[in-house]
Amino acid sequence: MNTFDTVIRNARVVTAADIFTSDIGIRDGRIAALGIDLPTGLKEIDAKGRHVTPGGIDSHVHLDQPTGDGSIMADDFLSGTVSAACGGTTTVIPFACQQKGKSLRAAVEDYHRRAGQKPVIDYAFHMIVTDPTPEILRDELPALIAEGYTSFKIYMTYDALKLSDREILDTLSVARSEGAMVMLHAENADCIAWLTERLLAAGHTAPRYHATSRPMLVEREATHRAIALAELVDVPILIVHVSGREAVEQIRWAQSNGLKVYAETCPQYLFLTADSMGCDDSFEGAKCICSPPPRDKANQQVIWDGLENGSFEVFSSDHAPFRYDGPDGKKAHGEQVSFDKVANGIPGIETRMALLWSEGVRTGRITPQSFVALTSTNAAKLYGLYPRKGSIAIGSDADLVIWDEDQTFHLDNNRLHHNVDYTPYEGMHLSAWPAMTLSRGDVVWDGEQPCGDAGRGQFLPCARPDPAKPRRRQTEIPL
Ligand code: DUC
Ligand code: ZN
Ligand code: ZN
């Protein structure tokens, strides 16, 4: 009788802590053994000479999320998860967004319907809290956290989404008492509105002015304020999509003063600049409109430094997929539309892992172990999925990536599987791509074809994350 369903032979196994050569024995979708010369499996995979990492956890993606501005996201839970799997990601955490005036539970139920029988890899949900009424804070939010939705995002900008400082305090307070992880989108709404009004009045409407309307200081100010609000409530927070130096400085200050402030960054802040949104007034720059906007080369270096020195816990894609051509995407309101009306977001779910392996690990900027921590393990811990996800350990799900580092190529959108008609990283030189992705032991990408069945992905209720525990400092404030 065969002991294992699958054995991966001679893998160069990478975890967040170690690198070692081992066979990986998989049974019933889980890692059952690590060792040399394991018994034969029903299926044998030769990984000699290849790094094998935990499958990626992309803990910041937007799939089939209603936008309310006339645009429609190009990827749903099928195309988005297929694309993720082909790029080495085996778990995604998209957002169930509350609509102001409606219940949070309705958003979660709607999102489960949207996922339906589509996902090819496992998934959990973050919530987005946009309307923290006393009832929602007292009843719905605690109940949803108890059911496994243990993280939520708060926006400090966008009229349809943002909370006031007072509402943020009330919501952080519930996160503290219920043990949830809070993600913050830190940009100052009034500064952006003021700048946008002036730019438009001066006729500066082209996509590139998106960056001018959201300079680094609006992110710095909001990051500082988010940290102060969290310090007041004594609750950990995670600042999402950090774009450059001034925000990193706020985060480093908080971390070095003992505050539990975690941070996420994304490929666009390593590989794009504000110039990617155009140096002239052509609409093409709309392809790279995202918030916060990419900055400049010096800020890219600060983000690299932060990945290296531990300022960042998470490297996610912030995949927010809109097509360039067609009636639903970047051109939903035509090419003459002002920058503030262009669908906001860029695709990146499939390219995240290979970009960081190629430009981070292969260049020696970060270690393979840091790569694993940043793309998988830390997200599993921060969002209550560890150790089922995020590791290569006995008992963990057999979510694995076998890396091909023999090929070098220029990225071409035609090789990607998302439903977007461009990639912001077109033409970039890559020196690694997943040779194979396994999700719970099933091959979902074989190096040439996606091969996971729709609906095989499982919903993952999340535990209350340890990193969300407050410091419980001594204070006279009745928290
Ligand atoms: N924030 C995100 O997290 N994604 C897309 C746009 C935005 O503002
Ligand atoms: Zn955001
Ligand atoms: Zn996002």
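Buried residues have under 20% relative accessible area and exposed ones over 50%, with partly exposed in between (1.4 Å probe, protein chains only). The structure is a predicted model, in which local features need pLDDT of at least 70, side-chain atom pairs count only at pLDDT 80 or more, and totals for chains, interfaces and linings use all residues. Residues are numbered from 1 along each chain as its sequence is written, chains are lettered from A and ligands numbered from 1 in the order in which they are written, and side-chain values use heavy atoms, with hydrogens and water left out.

View 1. Donors are N, O and S atoms within 2.8 Å of the metal (3.2 Å for Na, K and Ca); water is not among the atoms, so sites may look incomplete.

View 2. A distance of 4.3 Å separates the zinc ion (ligand 2) from the zinc ion (ligand 3). Lys-153 belongs to strand β10 (residues 151-155) and His-185 to strand β11 (residues 181-185), a pair that links distant parts of the chain, 32 residues apart. Helices (H or I, at least four residues) and strands (E, at least two) are DSSP runs, numbered from the N terminus. Lys-153 is buried, with a relative accessible area of 1%, and His-185 is buried at 2%.

**View 3. The salt bridge between Arg-50 and Asp-406.** A salt bridge is a side-chain nitrogen of Lys or Arg within 4 Å of a carboxyl oxygen of Asp or Glu. In this pair the N to O distance is 4.0 Å. Arg-50 is in the loop between β4 (41-46) and β5 (51-54), and Asp-406 is in the loop between β15 (400-404) and β16 (409-410); the two residues are 356 residues apart and link distant parts of the chain. Arg-50 is partly exposed at 24% relative accessibility, whereas Asp-406 is exposed at 67%.

**View 4. The salt bridge between Glu-246 and Arg-220.** The side chains meet at 2.8 Å, N to O. Glu-246 lies in helix α8 (residues 245-256) and Arg-220 in helix α7 (residues 216-233), so the contact ties together parts that are 26 residues apart in sequence. Glu-246 is buried, with a relative accessible area of 17%, while Arg-220 is partly exposed at 34%.

**View 5. The salt bridge between Glu-249 and Arg-245 within helix α8.** The closest N and O atoms are 2.8 Å apart. The two residues are four residues apart in helix α8, about one turn of the helix. Glu-249 is partly exposed, with a relative accessible area of 41%, and Arg-245 is partly exposed at 39%.

**View 6. A network of salt bridges that includes Arg-30 and Arg-440.** The linked residues are Arg-30, Asp-122, Arg-388, Lys-389, Asp-397, Asp-399 and Arg-440. In the whole structure, a search finds 35 salt bridges.
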